[in-house]
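Here is a short briefing to read alongside the sequence and the model.

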Amino acid sequence: MSQNSKLTHLDETGAAHMVDVSEKAVTARIARASGSVKMKPETLELIRSGNAKKGDVLGAARIAGILAAKRTHELIPLCHPLPLSKVTINFTPAPELPGIHVEVFAKVSGQTGIEMEALTAASIACLTIYDMAKAVDRTMEITGITLLEKKGGKSGHFIAAKD
């Protein structure tokens with residue numbers, strides 16, 4: 001295994017540990033992540049119309065996703081707490097699924113990446129959509145949680161390959 005492919009959250013004995021980032025430079029870092037919620041066409045229309053019984057599905061999902069990004073270090077044991085400077089969550093109705101596509105953008109100036117915060121926000125936004133619409137559609141499916149892009153730090157710029 002090359003040095004670049006070594007798992008950083010394991011020490012020389014194989015025990016999990018939090019990576020020491022104290023010697024890393026503070027750099028601007030961004031990450032974009034996405035996911036989708038597949039649903040019945042009538043469920044998509046209900047959400048788009050704003051007439052879901054539990055209220056504004058996408059508004060609640062946006063707030064839940066942002067809160068999740070802020071609390072990622074409490075949910076994933078070896079993540080560092082980060083002073084996020086920006087988190088945005090956009091929803092795109094996708095009649096071809098049918099469903100809703102979720103995209104998250106997260107930004108920080110820090111010593112470690114922000115990918116986990118973006119991925120956590122996308123996951124929780126999708127789960128919130130499911131939770132708020134499950135009374136009318138238990139067949140919904142959460143798919144494609146993925147990192148689209150990350151930038152900053154010594155590993156450089158990553159952009160996911162497009163299908």
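In which helix is threonine 72 found? Threonine 72 belongs to helix α3 (residues 72–75); helices here are DSSP runs of H or I with at least four residues, strands are runs of E with at least two, and both are numbered from the N terminus. This is a predicted model, in which local features need pLDDT of at least 70, side-chain atom pairs count only at pLDDT 80 or more, and totals for chains, interfaces and linings use all residues. Residues are numbered from 1 along each chain as its sequence is written, and side-chain values use heavy atoms, with hydrogens and water left out.

**The chain as a whole**

- The chain holds four helices and five strands, and along the sequence they follow the pattern β-α-α-α-β-β-α-β-β.
- A box of roughly 50 × 30 × 30 Å, taken along the principal axes, is filled by the C-alpha atoms of the chain.
- Of the 163 residues in the chain, 35% are buried; buried means under 20% relative accessible area, exposed means over 50%, and partly exposed lies in between (1.4 Å probe, protein chains only).
- Among the contacts with a separation of 6 or more, 71% join residues 24 or more positions apart, where contact means heavy atoms within 4.5 Å.

**The sheet**

- Five strands form an open sheet in the order β2-β3-β1-β4-β5, with antiparallel pairing; two strands pair if DSSP finds at least two bridges between them.
- Because β2 and β5 stand at the edges with a single partner strand each, one side of each has no neighbour in the sheet.
- α2 packs on this sheet and touches β2 and β3, and its direction makes about 145° with that of β2; the axes are lines fitted to C-alpha atoms, for helices over the stretch in contact, and angles run from 0 to 180 degrees between N-to-C directions.
- β1 and β3 pair over 12 bridges in the antiparallel sense, and serine 34 stands opposite glutamate 103 in β3.
- β1 also pairs with β4, over eight antiparallel bridges, and here serine 36 stands opposite threonine 143 in β4.
- Nine bridges join β2 and β3 in the antiparallel sense, with phenylalanine 105 in β3 as the bridge partner of threonine 88.

- Helix α2 (residues 57–70) has 14 residues and spans 20 Å from its first C-alpha to its last, close to the expected 20 Å; the expected span is 1.5 Å times one less than the number of residues.
- At the start of α2, a side-chain oxygen of aspartate 56 comes within 3.4 Å of the backbone nitrogen of leucine 58.
- Val57, Gly59, Ala61, Gly65, Ala68 and Ala69 are buried in α2, and the elements covering its buried residues include α1, α3, β2 (86–94) and α4 (115–133).
- α4 has 19 residues and reaches 28 Å from its first C-alpha to its last, close to the 27 Å expected.
- The buried residues of α4 include Leu119, Ala125, Ile129 and Met132.

**The nonpolar core**

- The largest nonpolar core has 31 residues, and those with the most contacts inside it are Met39, Ile89, Phe91, Val102, Val104 and Ile129; such a core is a set of buried Ala, Val, Leu, Ile, Met, Phe, Trp, Tyr and Cys residues joined through side-chain atoms within 4.5 Å.
- β1 (27–38), α1, α2, β2, β3 (99–110) and α4 are the elements that give two or more residues to this core.
- The largest share of the core, nine residues, comes from α4.
- Leaving out residues up to four places away in sequence, phenylalanine 91 touches Leu58, Ala61, Arg62, Ile100, His101, Val102, Ala125 and Ile129.

- Threonine 72 counts as buried because its relative accessibility is 1%.
- Beyond its neighbours within four places in sequence, threonine 72 contacts Cys79, Met116, Glu117 and Thr120.
- Threonine 43 lies in helix α1 (residues 41–49) and is buried, with a relative accessible area of 2%.
- Not counting residues up to four places away in sequence, threonine 43 touches Ala133, Val136, Asp137 and Met140.
- Glycine 153 sits in the loop between β4 (141–151) and β5 (158–159) and is partly exposed, with a relative accessible area of 27%.
- Thr27 and Arg29 are touched by glycine 153, again not counting residues up to four places away in sequence.

Notes. Polar contact = N/O pair within 3.5 Å; in protein donor to acceptor, adjacent residues only side chain to side chain.
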